[in-house]
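Please examine the sequence and the model shown here before reading the explanation.

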Number of protein chains: 2
Amino acid sequence: MLSSIKRLLIGRPLKSTALGEQKLNILKALAILSSDALSSVAYGTEQILIVLATIGAVAFWYSIPIAVGVLFLLAALILSYRQIIFSYPHGGGAYVVSKENLGVNPGLIAGGSLLVDYILTVAVSVSAGTDAITSAFPALHPHTVFIACILVVLITLLNLRGLTESATILAYPVYLFVLAILVLVGVGIFKIATGHTSASIHHAPIGAPVSGITLFLLLRAFASGCSALTGVEAISNAIPNFKDPAPNNASKTLILMGSLLALLFSGITFLAYYYGIAPKASETVVSQIARETFGRNYLYFFVQGTTALILVLAANTGYSAFPQLAFNLAKDKYMPRMFTIRGDRLGYSNGIVSLGVASILLIITFHGKTEHLIPLYAVGVFIPFTLSQTGMIIKWLREKPAGWIAKLSANFIGALITLTVLLIFFITKFSQVWFVFVFLPLIVIFFHRINTHYEAVGEQLRVDPEHPAIPIEGNVIIVPVAGITRVVENSINYAKSLTDQIFAVYISFDREDEKRFEEKWQKWQPDVRLVTLQSHYRSVLVPLSKFIDTIEHKASENNYRVTVLIPQFITKKSWHNILHNQSSFLIRAYLIFKKRVIISTLPYHFKK
Amino acid sequence: MLSSIKRLLIGRPLKSTALGEQKLNILKALAILSSDALSSVAYGTEQILIVLATIGAVAFWYSIPIAVGVLFLLAALILSYRQIIFSYPHGGGAYVVSKENLGVNPGLIAGGSLLVDYILTVAVSVSAGTDAITSAFPALHPHTVFIACILVVLITLLNLRGLTESATILAYPVYLFVLAILVLVGVGIFKIATGHTSASIHHAPIGAPVSGITLFLLLRAFASGCSALTGVEAISNAIPNFKDPAPNNASKTLILMGSLLALLFSGITFLAYYYGIAPKASETVVSQIARETFGRNYLYFFVQGTTALILVLAANTGYSAFPQLAFNLAKDKYMPRMFTIRGDRLGYSNGIVSLGVASILLIITFHGKTEHLIPLYAVGVFIPFTLSQTGMIIKWLREKPAGWIAKLSANFIGALITLTVLLIFFITKFSQVWFVFVFLPLIVIFFHRINTHYEAVGEQLRVDPEHPAIPIEGNVIIVPVAGITRVVENSINYAKSLTDQIFAVYISFDREDEKRFEEKWQKWQPDVRLVTLQSHYRSVLVPLSKFIDTIEHKASENNYRVTVLIPQFITKKSWHNILHNQSSFLIRAYLIFKKRVIISTLPYHFKK
C-alpha cells in the first residue's frame with residue numbers, strides 16, 4: 001500500500017543507466033538553477049530603497065550608482081564562477097574549491113554555510129511566496145504556516161520525481177516571470193522615451209545634494225542590494241547535473257543567467273528611480289512600478305502572479321544544490337553516508353527529504369515569518385563566495401597556467417568585492433547576523449566529529465592479512481523458553497541442527513511453577529539441558545542477562561560463540577502485532593545493544 | 001539514564017513477595033476507592049436542581065423526594081454489591097458476575113462499558129478539577145488542556161508507584177473533603193435549628209403545587225441525580241487489592257462509603273432546598289451553600305479547596321479499577337496479554353499507562369470541555385449495574401443457598417431500579433447517550449476478535465506428541481557482504497563454525513565493480529562461494545530477496561534451514577547510530593516479516 005502511494009507520488013524507479021537521460025540542457029538548467037537568483041529581482045531594488053528611505057525621497061537617486069556597483073559585483077562573480085566551473089567540472093563549488101586550495105576547515109566553513117543557506121533559501125522564499133498568496137486571498141491568512149508547509153512538501157515531491165521532470169514543470173513559471181519583467185521594463189522605458197508618463201511623477205535628479213547621507217548608510221544600502229546576488233553560485237555546485245559537455249553548458253547557462261539578471265535588475269531599478277517610487281509596507285516596489293506602467297489591468301496581474309510563483313520556486317534552486325553538496329560532504333565522510341545514495345528516481349533522495357524537513361521545521365519555528373532571516377541568508381552566501389574566490393587565487397598562484405594573470409585578476413577582484421560586502425554586512429547588520437558566529441563553528445565541529453568517527457570505524461573494519469581472525473571453536477546456543485509450544489520445538493530443533501551445546505532457559509516466578517515445568521520438560525525433551533532461573537522482580541531480562549553473561553564469559557575463554565534464539569511471531573493481520581512480541585522485541589533490543597552475543601530471530605508464521 | 005529517571009519517578013522495583021504489603025486496609029481503601037463516589041456530592045444535587053430550574057424555583061422542593069429516591073437506590077446498590085463481594089471474592093465485579101451467570105456477551109458488554117467509563121471518569125473529573133483551579137486563577141485559563149494533561153500524568157505516576165503509596169498520599173484530601181462537607185452540613189443545620197439564618201432566604205414548602213411539572217421532567221431530574229451514584233461499583237472490582245480477609249474488609253469499606261455518601265448527599269440537598277438555592281452558571285451549588293453558611297471566610301475556602309481536590313482525585317478510582325478489570329479481561333484472552341503483567345511496583349503498569357494515555361487523548365480531543373460526556377458516563381455505569389444485578393438473580397435461582405429468597409429480593413430490587421434508571425436515561429437524554437449503541441458493539445466485536453486470534457494461536461502453538469517436528473537435515477547460511485572488512489571476516493568465521501553450506505552475496509551496481517570484487521574475494525576467501533547479483537535499480541533488497549527465495553525453495557525441499565547473517569554496528573555513542581545501520585535495519589525488518597528465513601544479528605562493537 002505504502003509503496004503504491006510512493007509510486008503514484010514520485011513515479012516508478014529508474015534504472016541506474018538512465019542517469020544520462022536525467023541530465024539538463026541549458027534551457028532546463030536555466031529554469032531550475034536560476035530561479036533563486038532571478039527571483040531576487042522581485043525584492044533587490046526594494047532592499048536598496050528601504051535603506052535610502054531613512055534619509056528621504058531626495059536620496060533615492062543614489063539607487064542608480066548603488067545598482068551600478070551591484071552590477072559590477074555581479075559581473076565579477078559571473079566571471080570568477082565561470083573560471084571555477086572550468087577548473088572544477090565535477091561540481092561542488094565553494095566547498096570543493098575552498099577545500100582543495102585553502103584546506104579542510106575553510107572548505108567545511110564554505111560547505112556548512114551553504115548547507116544552512118539552502119535551508120534558509122527554501123524557508124524564506126516559500127514564506128515570501130505564501131505571503132503573496134495570502135495577500136491576494138486574505139481568507140487564507142490564518143493558514144499561512146500550513147500553506148507554506150504544503151508548498152515545501154509539493155516542491156520536495158517534485159524533486160523526488162527527478163531533475164528533468166521538475167525542470168519541465170518549473171520552466172514555465174521561470175520564463176513567464178522573465179517575460180513579464182521584460183515586458184514591464186520595455187513598456188516602461190518606451191513610455192518614458194515617448195513622453196507618455198503621468199504628470200504626477202517626480203524624482204530628484206542624479207547628483208542632487210542630499211543632507212544627512214553617510215558612507216555607512218550607502219554601504220548598508222549596497223549590502224542590501226547585494227541580496228539580489230544570492231543564488232548565483234548554484235550553477236557551480238550542480239555541474240554534474242548538466243548534459244555533456246557539462247562545463248561548457250554550465251558556463252553558457254551562467255552567462256545567460258547573469259545577463260538576464262543584470263537586465264531585469266537594472267530595468268526595475270531605473271523605473272523605480274524614474275517613477276520616484278518609495279518603498280511601502282502595503283505594496284511592493286515591483287507592484288507599484290507595474291501599476292504605474294500598466295494601470296491595474298491584466299498585465300499588472302500577470303506581473304504579480306508570476307512574481308509570486310518565482311518566489312516560491314526560488315526554493316527549488318536549493319533542492320538542486322543541497323543534495324549535491326551533501327553528497328560531496330558525505331563522500332568525504334563529513335556527513336552521514338546515507339546522503340551518497342541515489343533514490344528510485346536517481347536524485348539523492350535523503351538530501352532532498354532532509355532539506356524539506358529542515359525548512360518545514362524552520363517555517364514552523366518562525367510561524368512563517370522568516371523575513372528577518374534574510375540578512376543571515378545573505379551572509380551565508382557571501383562567506384562561501386569569498387572563500388571560493390580566495391581559493392581560486394591560491395590555485396592560479398600555485399599552478400600558473402597560460403594566461404594565469406588575467407584569471408587571477410578576475411578572481412582577485414571577485415574576492416575583494418565579496419569580502420568587502422561581507423565586512424559591510426558584519427559592520428552594518430551585526431545584530432541580525434551575529435548568530436552565524438555561533439552556528440558555523442558548531443557545524444564545522446560536527447562535520448569533524450562525523451569524520452573522526454568514520455575514520456575510526458574504517459580503521460577498525462580494515463582486514464589485517466597478517467592477523468586473520470582466529471577460527472571459532474564451537475557454538476553455544478541459548479533458547480529462552482516460556483512454555484512447551486510448537487515454537488519452542490522449532491527453536492530446539494534448529495539449535496540441535498547447529499550444535500550440541502544447547503541451554504533451554506526458563507524464567508519462573510515461583511518455586512512451584514519451576515518444579516512443575518522441570519518435570520514436564522524432562523518428559524518432553526530429556527536430551528536438552530534445561531536451566532530454570534528465579535525472578536523475584538518479575539523481570540525476564542535481568543536473570544536472563546545474568547545467565548548469558550556467565551555463559552558468554554566461559555564461552556569466550558574457549559573461543560566459542562554464544563547465540564541466543566528468540567522467536568518472532570509473524571501475524572496474518574498487522575493489528576495482531578499488538579497482541580504479541582512485546583517482550584521478545586524488548587529482549588532482542590536489549591541483548592543486541594548490551595551483550596556480545598549473536599541474536600537469531602526465528603520467524604513463526606501464524607496460519608490465521 | 002532513562003532507567004534512573006524511572007527510578008526517581010516511580011521508585012525502586014518491588015519483589016513479587018512484597019505483594020501482600022501492597023494491600024489496602026479499610027481506611028486507605030476508602031480513600032482510594034471512594035473518591036469517585038464521594039466526589040459526586042460536589043455536583044449531584046446541582047444536577048437535580050438544573051433540571052427542576054427549567055420549571056422555576058417553585059419546583060425546587062421536588063429535590064427532596066428525588067433525593068430520597070436516590071438514597072433508596074443507593075441503599076439497594078450497596079446491599080446488592082455487598083452480596084456480589086462475598087460471592088465473587090476475587091473481584092472483577094460486573095464483568096465476572098455477568099459473564100458467569102448471563103454468558104460471555106453480557107459479561108463483555110459490562111466489561112467494555114466499564115473500561116470506557118473509567119477513561120471517561122478520569123477525563124471528566126480531571127477536567128472538572130482543572131476548571132476549579134482555573135476559576136480560582138484566571139491567568140491559567142489559556143493553559144486548561146495543558147494543566148489537565150499534567151494532572152493526569154501526575155496521577156498516573158502516583159499509581160505507577162503502587163497502591164499503598166498513592167493511598168497514603170490520597171487519604172488526606174479525601175478525608176479533608178469529607179470533614180469539610182460534614183462541618184458545612186453540621187453548621188448549616190445547627191444555624192437553621194437555632195434560627196440563625198439570614199432573613200433573605202426563601203423556599204417553597206414541600207408539597208406546594210407546581211404548574212407545568214411533568215413525570216418526564218421528574219424522571220429526568222431523578223436520572224440526573226443518579227449521577228451521584230457513579231463510582232459505587234469500584235470496590236467490587238478491586239477486592240484483590242484488599243488486605244485479608246479481603247471480602248470482609250471490602251464489604252465494610254462499601255458500607256462505610258455508602259453511609260458517608262448518603263449523609264453528605266442528603267445534607268447538601270437539604271441545605272440547598274432550605275436556602276432556596278438556584279443553580280447558576282457562575283457559581284456551584286456547594287459554593288453558594290458554603291457562602292450562605294460561613295460567609296466568604298477561611299471555612300468557605302476550605303470547602304472550595306477540598307472540593308477541587310476531590311474532583312481531581314475522583315480520577316484515581318479509575319486507576320484502581322481499570323487495570324484490575326483489564327487484567328480480568330486479558331486473563332480470559334479478550335484483551336492483549338500485556339495487561340496481565342505486573343510492573344516494577346506490582347501494579348498492572350500497562351493498564352495504568354493505557355488509562356492515562358486514553359484520558360489525555362480524550363481531554364485533548366474535547367479541548368478540556370468534557371462536561372457533555374457526563375451523561376454518557378452515567379449510562380456507562382448503569383449498564384454494568386443492571387447486568388450484574390441480573391446476573392446475581394440468575395445465580396440465586398440456580399444455586400438456591402440458605403436464605404436465597406432474601407438475597408434474590410435484594411438483587412431483584414437493585415436490578416429493577418438500575419434498569420429503570422437506565423431506561424430513564426435512554427428516554428430522557430437519548431441525544432446525549434445514543435453513541436453508546438455505536439461504541440459498545442464495536443468494543444464487544446473487538447474483544448471477540450482478540451479472543452479468536454488468541455485461541456487460534458493457542459491451537460497452532462500446541463505441541464502434538466504424535467507428530468513431533470521433523471529434525472532439520474542441515475543449514476544454509478547466506479552472508480550479504482558489502483566489502484572486505486573485519487565485519488565480513490567475523491560473519492564468515494561464524495558461518496563456517498555452523499555449516500559448510502555458505503553463500504557470500506555481493507550486490508553490485510555495475511559490471512566493472514562486480515569483476516573487481518570477485519577477484520579480490522577469490523584471493524581473500526577462496527573456499528567461500530561468492531554470488532554476485534546485479535542491481536539495476538540501486539536496490540539491495542530486491543535482488544537479495546529474490547536470491548533468498550531461490551535458496552529457500554531448494555533448502556526446504558531437503559528440509560534444510562536458511563539463515564541470513566546481518567551485522568549490526570554497536571556504536572560507542574548513541575548519536576553515531578545515525579551514521580550507520582540504516583540499510584541493515586531495513587533489510588532485517590523486511591526479511592523477518594516477509595521471508596521464511598532465520599535472521600542472525602551479529603553485533604560488532606566499535607571500540608571508539
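Predicted model: local features only at pLDDT ≥ 70, side-chain atom pairs only at ≥ 80, totals over all residues.

Residues are numbered from 1 along each chain as its sequence is written, chains are lettered from A and ligands numbered from 1 in the order in which they are written, and side-chain values use heavy atoms, with hydrogens and water left out.

Two copies of a chain are related by a rotation about an axis and a shift along it. Here, chain B is superposed on chain A by a rotation of 180° with 0.1 Å of shift along the axis, at an RMSD of 0.2 Å. That is the relation of a two-fold axis. Among the residues of chain B, B:Ser600 comes closest to the rotation axis, its C-alpha lying at 2.0 Å. The copies meet through the same surface, because 100% of the interface residues of chain B are also interface residues in chain A.

Strands and helices are DSSP runs numbered from the N terminus (E, at least two residues, for strands; H or I, at least four, for helices), and two strands pair if DSSP finds at least two bridges between them. Strands of a sheet pair through backbone hydrogen bonds, either parallel or antiparallel.

In chain A, strand E1 (residues 474–481) and strand E2 (residues 501–508) pair in the parallel sense over six bridges. A:Phe503 in E2(A) is the bridge partner of A:Ile478.

In chain B, strand E1 (residues 474–481) is mostly covered, with seven of its eight residues buried. Buried means under 20% relative accessible area, exposed over 50%, and partly exposed in between (1.4 Å probe, protein chains only). E1(B) pairs in the parallel sense with E4(B) over five bridges, and B:Val476 stands opposite B:Val562 in E4(B). E1(B) also runs parallel to strand E2 (residues 501–508) of chain B, to which six bridges join it; B:Val505 in E2(B) is the bridge partner of B:Pro480. From E1(B), the chain crosses through helix H20 (residues 486–498) of chain B to E2(B) in a right-handed β-α-β crossover. Right-handed here means that, with the strands pointing away from the viewer, the path from the first strand over the helix to the second runs clockwise.

The whole structure holds 34 aromatic pairs over all chains. Rings of Phe, Tyr and Trp (its six-membered ring) pair if their centres lie within 6.5 Å; planes under 30 degrees apart count as stacked, over 60 as edge-to-face and the rest as tilted. A:Phe503 and A:Phe547 form an edge-to-face pair, 5.8 Å centre to centre with 75° between the planes. A:Phe503 lies in strand E2 of chain A and A:Phe547 in helix H22 (residues 541–557) of chain A, so the pair ties together parts that are 44 residues apart in sequence. Both A:Phe503 and A:Phe547 are buried.

Finally, two residues of chain B may be considered. B:Leu52 is found in helix H4 (residues 44–52) of chain B and is buried, with a relative accessible area of 0%. The buried residues of H4(B) pack against helix H5 (63–87), helix H10 (215–225), helix H12 (246–275) and helix H13 (285–294) of chain B, where contact means heavy atoms within 4.5 Å. B:Asn451, in helix H19 (residues 436–461) of chain B, counts as buried at 13% relative accessibility.

Notes: Least-squares fit on C-alpha atoms with pLDDT ≥ 70 in both.
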